[in-house]
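Student: I've got a new model open and I'd like to learn how to read it feature by feature. Can we go through it together?

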Amino acid sequence: MQRLDKYLANLGLASRREIPALCKMGYILVNRETVKKPDFKLFGGEILGFQGQEIKVLERVYVILYKSAGYISSDEDEFGYLSYKKQMLDCPYVNLLHVAGRLDVDTEGLLLLSNDGQFIHQVISPKRDKEKEYEVWLQSLISLTDCEQLQNWVQLDDGYLTKPAKVQQLEEKKILLTITEGKYHQVKRMLEAVGNKVIYLKRLRIGDWTLEGLKKGEWKLIEK
């Protein structure tokens, strides 16, 4: 349960200071009925009406975005790059969301988002062994020996030994790589460990969540 003015402010639709006047003028609806009190209690599942939009009240929000390369996995624009949020300005919940498992700016694919801190922790925790599946385009041919080494373990540049991975060779310079860890630039560093270089990377899956039905820049609500 939360107050109407707080929920609208969290969505970024209006400030809490503005909402009393908007209520008084009849601009805010709950289940298609005018609400005059900014402290009106919301319990979840209601339909808010505001400036021609209808928004379902959700306490916890879970979203998949097909992030394009060129956007960063930060909630704000940084270092001359646009935030992933710039690709989902049509999402009414965008201001509530945070990333569960980042992608590099030059990587495209599945970005999992939520306002549920416990859920985010469960996704990114190394103890959970969540599978992350990537299409990996390589600079050089990759040998069967290199694939077998990736499947077993490789030593990264800081001495870390990776956990076993799944590797499927799709083309001479392209593999499908599935890992259960999330070390910094891990996929790129794993391929460097076998003398190769990643030239493009796309994340297809985290756990059971996939990009099914999405094009670049599109998003969808999902169940936890």
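Student: Which residues of helix 1 (residues 4-11) are buried?

Tutor: Some ground rules before that. This is a predicted model, where local features need pLDDT of at least 70, side-chain atom pairs count only at pLDDT 80 or more, and totals for chains, interfaces and linings use all residues. Residues are numbered from 1 along each chain as its sequence is written, and side-chain values use heavy atoms, with hydrogens and water left out.

Tutor: Now, "buried" means under 20% relative accessible area, "exposed" means over 50%, and "partly exposed" is in between (1.4 Å probe, protein chains only). Helices (H or I, at least four residues) and strands (E, at least two) are DSSP runs, numbered from the N terminus. In helix 1, the buried ones are Leu4, Asp5, Tyr7, Leu8 and Leu11. Looking down the axis of helix 1, those buried residues fall within an arc of 165°, so they line one face of the helix. That arc is taken from the directions from the helix axis to the C-beta atoms.

Student: What covers the buried residues of helix 1?

Tutor: Covering is read from contacts, meaning heavy atoms within 4.5 Å. Here the cover includes helix 2 (19-24), strand 1 (2-3) and strand 2 (28-30), along with strand 4 (41-42), strand 5 (47-50) and strand 6 (53-56). Just after helix 1 comes glycine 12, with a positive phi of about 85°.

Student: Which residue other than glycine has a positive phi of about 65°?

Tutor: That's arginine 32, placed in the loop between strand 2 and strand 3 (33-34). Arginine 32 is exposed, at a relative accessible area of 60%. Aspartate 129 also has a positive phi, near 55°, and its place is the loop between helix 3 and strand 12. At 40% relative accessibility, aspartate 129 is partly exposed.

Student: Now a loop. What does lysine 36 touch?

Tutor: Leave out residues up to four places away in sequence, and lysine 36 touches Cys23, Lys24, Met25 and Gly26. Lysine 36 sits in the loop between strand 3 and strand 4. Its C-alpha atom is 6.6 Å from that of glycine 26, 10 residues apart along the chain. The side chain of lysine 36 also reaches the backbone oxygen of lysine 24 at 3.0 Å.

Student: How many residues line the largest pocket?

Tutor: Pockets are found on a 1 Å grid over the protein atoms alone: a pocket is an open set of points where a 1.4 Å probe fits, with protein on both sides within 12 Å along at least five of seven lines, and lining residues have an atom within 4 Å of a point. The largest pocket has 30 lining residues, with Arg102, Asp104, Gly182, Lys183 and His185 nearest its centre. Helix 5 gives the largest share of that lining, 3 residues.

Student: Is glutamine 186 buried or exposed?

Tutor: Glutamine 186 counts as buried, at 3% relative accessibility, and is found in helix 5. Its side chain makes a polar contact of 3.2 Å with the side chain of glutamate 181. Such a contact is a pair of N or O atoms within 3.5 Å; within protein, one must be able to donate a hydrogen and the other to accept it, and residues adjacent in sequence count only if both atoms are side-chain atoms. Skipping residues up to four places away in sequence, glutamine 186 touches Thr162, Ile179 and Glu181.
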